[in-house]
Amino acid sequence: MTSPVRLALLGCGTVGSEVVRLLHEQSADLTARIGAPLEIAGIAVRRVGRDRAGLPVDPALFTTDPLGLIKRDDVDVVVEMVGGIEPARSWLVEALRAGKSVVTANKALLAEDGAALHDAAAEGDADLYYEASVAGAIPLLRPLRDSLHGDRINRVTGIVNGTTNFILSAMDATGAGFAEALEEATELGYAEADPTADVEGFDAAAKAAILASLAFHTRVTAADVHREGITEVTAADVASAKAMGCTIKLLCIAARGVDDAGRETVSVRVHPAMIPLGHPLASVGDAFNAVFVEAEAAGQLMFYGRGAGGAPTASAVLGDVVAVARNRLAGARAASESAYADLAVRPMGEALTRYHISLDVADRPGVLQSVAGVFARHDVSIATVRQGPAGGGPAGRGEDADLVIVTHVAPDAALAATVRELRGLDIVRSVASVLRVEGGA
């Protein structure tokens, strides 16, 4: 039999333990698919003495020296499931430069400094796979990198964070506020004790950078992504979206564009947005993920499934392990990073968006005309206006009124300037909420 492919596992937490379990349970099938058995050379952990009696693995394989494990001559593939920037970056660069293939689920590292990993992979003539970094078990990155390599992708719109999707889905279904929905998500295990990375959009922004890099053949980092979270989304926003036939989702959006000089660009953003109920992403509920891809030849494509969790993520990790193991046995290497396009990333202010703006205004003659004048001064066209008594109470002069305005497409900077001027008007008691609108709503 062909010599085994030896794996160094970095981390044995929720995902790592599932990888170990699947390697054991599917050993025969994996051997048949690869043409050689997979063997664990070692598992780097923080504490060797921790109780791991339920894992089907020899306790002697555990070590607290990840770098020493990586440098061993009998290690062929390094599988990183620790997360964070350092020391993970140093470990993986060391492995790749030494010609050892790497499989990682580390979205934060790939989004911040994927260039260092890709350069090290090229230097060591090694494979770098990271399917599990964006959408768990959903086969997404490889279709973007391989299956659609002969096509031109124009736009990628996705729900890539299960925690925020669960919260917004719960708010839509029950009318609850953000705090109540977050509490439920935490009780059910969908939200971490510190949910900041999820609810403030950091997690989704890292994934958006990875998706944009692959889709547009351009190195995009998390710093290039405009990011807003969902903490300011209210039950009133959700109700207003329903009244428009919409729902609110935290979206990552990466799109091609052209600047004023005629040069092709890319914009990448993460923020809550209203989308019409007829949009394919509108029905994605609970903690599920989905990504909607628009390509010139292939048209519209939808990828859907569980985007997080130990077993789903481990499935994606093992898919990559099989791929790099087969490449190693064949003496081949996967296609290297494709960043030839090197498109400029447009600032958020130049992105073309639409706004849904809720205002609390004085209920007297001339208010609507004054508000409309602000939009006109910033060259923002109004699509619809809905006015009613504040809080749904009885109408009457001298009382406040609710004014809801939806705009046509305009540069985001012009829309933001419009909102700033509205906040300064005496007739505007408050700008209750501002949400972007996507998908033709």
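1. Y190 is partly exposed, with a relative accessible area of 29% (buried is under 20%, exposed over 50%, partly exposed in between; 1.4 Å probe, protein chains only). This is a predicted model: local features need pLDDT of at least 70, side-chain atom pairs count only at pLDDT 80 or more, and totals for chains, interfaces and linings use all residues. Residues are numbered from 1 along each chain as its sequence is written, and side-chain values use heavy atoms, with hydrogens and water left out.

2. The whole structure holds two aromatic pairs (ring centres of Phe, Tyr or Trp, the last by its six-membered ring, within 6.5 Å; planes under 30 degrees apart are stacked, over 60 edge-to-face, the rest tilted). F166 and Y190 form a tilted pair, with centres 4.6 Å apart and planes at 35°. F166 sits in helix 8 (residues 162-174), and Y190 in the loop between helix 9 (178-187) and helix 10 (196-199), 24 residues apart. F166 is buried, at 7% relative accessibility.

3. F288 and Y304 are stacked: centres 5.3 Å apart, planes at 5°. The pair ties strand 11 (residues 288-295) to strand 12 (residues 299-306), with F288 and Y304 16 residues apart in sequence. Helices (H or I, at least four residues) and strands (E, at least two) are DSSP runs, numbered from the N terminus. F288 is buried at 17%; Y304 is partly exposed at 47%.

4. K107, L110 and A111 in helix 5 meet D203, A206, K207, A209 and I210 in helix 11 (contact: heavy atoms within 4.5 Å).
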